[in-house]
Amino acid sequence: MSTRIALRSVALTYLGVLVVVPLAMIFYRTFEDGFVAFFESVTTPAAISAISLSLTIVAIVVPLNVVFGLVTALALARGNFPGKGLLQAVVDLPFAVSPVIVGVALILFWGNDGWLGGAFPVIFSLPGMVLATVFVTLPFVVREVEPVLREIGTEQEEAASTLGASRWQTFWRITLPAIRVGVGYGVVLTVARSLGEFGALTVVAGGVAGESQTLTLLVHARYIDDHNTFGAYSAATVLMGLALVTLVLMTLLERRREA
Amino acid sequence: MASLAVPKPPARTRRSLGGGVGPIGLGVATLWLSLIVLLPLAAVLTKSLEGGLGGFWDAISAPSARYALLLTTAISALVALINVVTGTLIAWVLVRDDFRGKSLVNAIIDLPFALPTIVASIVLLSLYGPRSPVGIHLYATKPAVILALAFVTLPFVVRSVQPVLMEVDREAEQAAASLGASGWTTFRRIILPALYPALLGGAGLAFARAIGEFGSVVLIGGGIPRDTEVASQYIAKQIETDRPASAAAVSVALLLISFAVLFAIRWFTKRKDVG
Amino acid sequence: MITVTNVSKRFGDFTALDDVSLEVPDGSLTALLGPSGSGKSTLLRIIGGLEFADSGSVVIHGEDVTGVVPQKRGIGFVFQHYAAFKHMTVHDNVGFGLKIRKTPKERIDERVNELLKIVGLGGFAKRYPSQLSGGQRQRMALARALAVEPRVLLLDEPFGALDAKVRAELREWLRRLHEEVHVTTLLVTHDQEEALSIADNIAVMDNAHIEQVGGPRELYDRPANSFVMGFLGPVAQVDDTLVRPHDISLLSRPEGDAREAQVTRVSHLGFEVRVELQLGDGQPVFAQLTRTEAAQLELSAGDIVWLALTGDRDARLVSEDDRLDAVA
Ligand SMILES: Nc1ncnc2c1ncn2[C@@H]1O[C@H](COP(=O)(O)OP(=O)(O)OP(=O)(O)O)[C@@H](O)[C@H]1O
Ligand SMILES: [Mg+2]
């Protein structure tokens, strides 16, 4: 009995020192001068532009990941082709690659001195940021959807085809509804990761305030360049709020999935 | 029968090749993965070998580079180890213990996944930084780097051990206890062997994550060369100062280390499964 | 009518169908019977267009459909595990095919209600498949397949996943349904009792081949080979003659060319009595007697009896190989 209490105390203390108390601290710092100060700090022109840039990236990355993620998941779950193992490994690759290396890779491929010789001016602008974010979030939709596709099998789709449904109709009416929770989960993870991406963006984004600065870059810039600790805390709190929403959505979806 | 000569219908090839999406879908997926992931990484590899193997070696054995690589590897290994202990402990408490607010604690575990890394950095800084309200000043020290990495890798071991712990045969445990084994002996002899693959897997993921980590370290670590600068910070700095070949070489070295570790762990767990 | 001609199908190195031909008569309920892995599902799926043959042809009602996609074959297909659309109500499941065909909503509702009544799911329209029992789900799947008024109905072990009692009920129900709607039906099963009890025509498959096609009595009484004989019912062997155990009679004294045998065991299985014996040369044999026959003989282990073959000579086979062992 006492061992149990002891173990529990150690575990909770560890979580407290590592996660809970620091989080509480930043909340306190953000709101110690009242809500108005916080609000003003996150509605400066630079902050507004950062928030909208972050959301723009999300708005582009999510549909890209959903479309290509579904195609990839379908090919992996249903197809039977040489090199399938290799494709599987490539899908997992972004999990094992440091975000900074992602940035380096994009510069060396798309950049002026890169493989494409700067044919597409993507670095230091929105397309570069999108590419970086797509890279780091690429596995999410595939990895959430592929096992679901395997689990539901092909029988329902075959039944639909014998009832006269075309491939397209079968996809919309049978396959997609069956995997929607998985897709939703993948989207939530993609959104969270997109909003939070930092390492790859520091390399490929110009980081110019009001122009090519996302929320995460704003936090960094305010803290390091502007010595505006409070501003950095406030921006971080906005990101934290978004993360919290993500977490709640994840929990809700988890429940749907288990049901 | 005239129909004997009917050529193979296209649907058949579609089924076997690209499955639900056909060869076009397969082509699209391959092209997408190549353009987004594979080709850019290949560009890093070729860049790193621009000056031959000698150039590659020179780049990664430059004093700051070598220090950063060694420091990153060592600290990542340490953090993986810390996670093995604390992760098992937390998973144990979550599975076997019961107390009010347990589901909240369970949700907190995922927080580091949901939280942007830069936020992790600033969160830790607010408590353990220059203006620390508790008087703990870790800014720009190695413990700060360890702290940041422990923060972002928290979920890996917990989440891989938790389900296994739920499955562990309680009857075997009770049988061991009835034979007079102490709690600790039961844990070591009965439970730990069952957890072994999950622990190894979780630790491997934590290591791979730690070794490439950037955002959470960047503010609190200080990035002091040959002291607290981790490999990813070193790489970013090389790009800033326009030395892409050096950045590429260190990137490749870092990738090789993490692949080697992930591969070794997969190999170990597989062998364990067979044996 | 379904006509399958010289169809072969390989999966990699494995031959699932080897030059198979089959005719399913119009309006019949034909069973495709065979052991697991014999290629039944593969043949059915090729007829349905879910799989395509490497060579050979499939003709449905005079139309060559060999390369035609399933959507255009005019078939109804029922799967062993129901393939229910889990996110749709029973009503929407059954109405799916009609909706795809852009049938007006009132017409769909009308037809769905009619079908649900036929399959005995009248009050279940608003439920989801997860709220149905296995038997109910399969009846829903049947209604769904029938809704589009298919030219042929293909069923792949439709009752295989159900327990024995429900299976027997649904079997009976399917037979009656077929008498009402008379759609040409091909039913895959590995259960010879199922095939014998509901089909008017049976094709026996083994090892990528069709061994024999015929009516239930014909197959039972005139098996083409020892495999068919063994698959359709119990077989006893006396010397090199294969015979149904109920075609063996036991006599209490020698007579004609009856053989002497010793009873080793007598089991009372309700309506029948199973007698295990040993012939003079040590060969074991078993016979099936009615209760009355057994009572008259007053058999018990150790008794000496005389064994004679009765019944139809054509129902016997001369053992040609050891294929029977594979079945027993
Ligand atoms: N898609 C496939 N790929 C490879 N082999 C297959 C495939 N489908 C079937 N087979 C093989 O073909 C053989 C015949 O399979 P089929 O499903 O037709 O058998 P079946 O008679 O329906 O058996 P069961 O009663 O077990 O359903 C089996 O040995 C099976 O392993
Ligand atoms: Mg089958």
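Biologist: How do the residues of the shell around ligand 1 divide into nonpolar, polar and charged?

Modeller: Ala, Val, Leu, Ile, Met, Phe, Trp, Tyr, Cys and Pro count as nonpolar, Asp, Glu, Lys and Arg as charged, and the others, Gly among them, as polar. On that basis the shell around ligand 1 divides into 4 nonpolar, 6 polar and 2 charged.

Biologist: What conventions apply?

Modeller: This is a predicted model, in which local features need pLDDT of at least 70 and side-chain atom pairs pLDDT 80 or more, while totals for chains, interfaces and linings use all residues. Residues are numbered from 1 along each chain as its sequence is written, chains are lettered from A and ligands numbered from 1 in the order written, and side-chain values use heavy atoms, without hydrogens and water.

Biologist: Which residue has a side-chain N or O atom 2.5 Å from an oxygen atom of ligand 1?

Modeller: The backbone of C:Gly39 has an N or O atom 3.0 Å from a ligand oxygen. The side chain of C:Ser41 places an N or O atom 2.6 Å from an oxygen of ligand 1. The 2.5 Å distance belongs to C:Thr42.

Biologist: How much of the area that ligand 1 exposes when taken alone does the protein bury?

Modeller: Accessible areas come from the Shrake-Rupley method with a 1.4 Å probe. Alone, ligand 1 exposes 630 Å², and the protein buries 60% of that.

Biologist: Which element gives the most to the shell around ligand 1?

Modeller: Helices (H or I, at least four residues) and strands (E, at least two) are DSSP runs, numbered from the N terminus. Two or more shell residues come from each of β2 (14–24) and α1 (40–48) of chain C. The most, 3 residues, come from α1(C).

Biologist: Which three residues supply 9% of the area that chain B buries against chain A?

Modeller: Contact, meaning heavy atoms within 4.5 Å, joins 80 residues of chain B to 73 of chain A. Buried area is the accessible area (1.4 Å probe) that two parts lose on being put together, summed over both; here it is about 6800 Å², 80% of it on carbon and sulfur atoms. The 9% comes from B:Trp32, B:Leu33 and B:Ile122.

Biologist: Which residue forms a salt bridge with B:Asp97?

Modeller: A salt bridge is a side-chain nitrogen of Lys or Arg within 4 Å of a carboxyl oxygen of Asp or Glu. The rule finds 2 across this interface. With closest N and O atoms 2.7 Å apart, the partner of B:Asp97 is A:Arg8.

Methods: A polar contact is a pair of N or O atoms within 3.5 Å; within protein, one must be able to donate a hydrogen and the other to accept it, and residues adjacent in sequence count only if both atoms are side-chain atoms.
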